[in-house]
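Me: Please take a close look at a single part of the fold and describe how it is put together. Give the cut-offs for each term as you go.

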Amino acid sequence: MSENDDARDEPDTDAVDASEGERAADDLTHTTDSGDVQMVDVGDKPDSERRAVAAGEIRLRPATVEAIREDEVGKGDVLATARIGAIQAVKHTWETIPMCHQIPITNVDTEFSLAEDRIEVRVGVETTGKTGCEMEALEGVTTGLNVVWDMVKAVEKDDDGQYPETGIENVRVLDKEKRQA
């Protein structure tokens, strides 16, 4: 078998990537055929019960996590404030994400898990409507994490006013469900 025979047995990755890219472009729902941005018309879709869960984490100094755990942060109860921020963000997602529909939120669950050097937040959002709620769950997570950062930034700063140990990471959708209403 020659070198050329080996090459023919391997898939043409450029061709695969191009066809996947074309398929992805054809599946875009927020653009018109001419490339203009548009809101998706969901008017003809049936209402469904929907749930999405997202999560993310903020990396902190261990002493900061302990201060949160012991409710010793000068600004107040960090997790209670972050919970309020997460819920508010869920309710206002349509105002901050272009082309996102305003949907009726029926429930928001927030859960915080504290580890030695990080806090994870999970936000579950439920709705009954024509479109999903994963963007609302993601907005809840990112805002909840931002609130934690805001509440502890004074103790997280180093001597130069920087945040070398602080970081928001691993924001993702964990699950989404849809059931006919």
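Reply: Two strands count as paired if DSSP finds at least two bridges between them. Helices (H or I, at least four residues) and strands (E, at least two) are DSSP runs, and they are numbered from the N terminus. This is a predicted model, in which local features need pLDDT of at least 70 and side-chain atom pairs count only at pLDDT 80 or more, while totals for chains, interfaces and linings use all residues. Residues are numbered from 1 along each chain as its sequence is written, and side-chain values use heavy atoms, with hydrogens and water left out.

Strands of a sheet pair through backbone hydrogen bonds, either parallel or antiparallel.

β1 (residues 48-59) is joined to β4 by eleven bridges in the antiparallel sense. Arginine 59 stands opposite glycine 167 of β4. Contact here means heavy atoms within 4.5 Å.

Within β3 sits threonine 127. With 2% relative accessibility, threonine 127 counts as buried; buried means under 20% relative accessible area, exposed over 50%, and partly exposed in between (1.4 Å probe, protein chains only). Leaving out residues up to four places away in sequence, threonine 127 touches Ser48, Glu49, Arg50, Ile103, Pro104, Ile105, Thr106 and Cys133. A polar atom of the threonine 127 side chain lies 2.4 Å from the backbone oxygen of proline 104. A polar contact is a pair of N or O atoms within 3.5 Å; within protein, one must be able to donate a hydrogen and the other to accept it, and residues adjacent in sequence count only if both atoms are side-chain atoms. Threonine 127 and lysine 178 are 51 residues apart in sequence, and their C-alpha atoms are 9.8 Å apart in space.

Two loops complete the picture. Aspartate 71, in the loop between α3 (62-69) and α4, has a positive phi of about 55° although it is not a glycine. Methionine 99 lies in the loop between α5 (93-96) and β2, and its phi is near 70°.
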